[in-house]
Amino acid sequence: SHQAMDSYDFQATITVAANPAPREYLMIQGGTDNKVIYRDGKYKLIMQAGRKETDEIKPVSLFDLDQNVEEKPSGDLINQPAYRERVSSMMARYKAIRRGKLRTSRDINGG
């Protein structure tokens with residue numbers, strides 16, 4: 001098939017399939033302010049991208065959506081030392097996905 005690299009086949013979700021494959025993570029890119037959102041489990045990392053592909057991407061906010069579903073600024077974890085490794089690992093994973101042009105879901109067919 002010729003689907004976009006970032007697409008996710010949710011046919012199994014809307015049909016009677018017993019066990020649809022869940023998303024491992026979610027990425028949202030674009031908008032006029034060039035924000036990039038990467039969600040991994042309960043964590044949501046918001047990054048600021050530049051206008052050019054070569055511009056640096058900088059972390060802006062990190063939220064634990066189990067604890068702060070409203071994303072209140074007072075619950076932003078981005079500057080807390082205990083979450084530095086989380087931010088670094090999510091940034092690295094996001095960049096690897098982006099460089100590799102990988103799909104944003106599991107390949108349920110193993111290929």
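## Salt bridges in the model

Three salt bridges turn up in a search of the whole structure; a salt bridge here is a side-chain nitrogen of Lys or Arg within 4 Å of a carboxyl oxygen of Asp or Glu. This is a predicted model, in which local features need pLDDT of at least 70 and side-chain atom pairs count only at pLDDT 80 or more, while totals for chains, interfaces and linings use all residues. Residues are numbered from 1 along each chain as its sequence is written, and side-chain values use heavy atoms, with hydrogens and water left out.

## Asp 40 and Arg 86

Asp 40 and Arg 86 are joined through their side chains, N to O, at 3.8 Å. The two residues are 46 apart and link distant parts of the chain, with Asp 40 in strand β2 (residues 35-40) and Arg 86 in helix α2 (residues 84-100). Helices (H or I, at least four residues) and strands (E, at least two) are DSSP runs, numbered from the N terminus.

Asp 40 has a relative accessible area of 28% and is partly exposed; Arg 86, at 27%, is also partly exposed. Buried means under 20% relative accessible area, exposed over 50%, and partly exposed in between (1.4 Å probe, protein chains only).

## Asp 64 and Lys 42

The side chains of Asp 64 and Lys 42 form a salt bridge of 3.3 Å, N to O. Asp 64 is buried at 7% relative accessible area, whereas Lys 42 is partly exposed at 31%.

## Glu 71 and Lys 44

In the salt bridge of Glu 71 with Lys 44, the closest N and O atoms are 2.7 Å apart. Glu 71 is in the loop between β4 and α2 and Lys 44 in strand β3, so the pair ties together parts 27 residues apart in sequence. Lys 44 is buried, with 15% relative accessible area, and Glu 71 is partly exposed at 24%.
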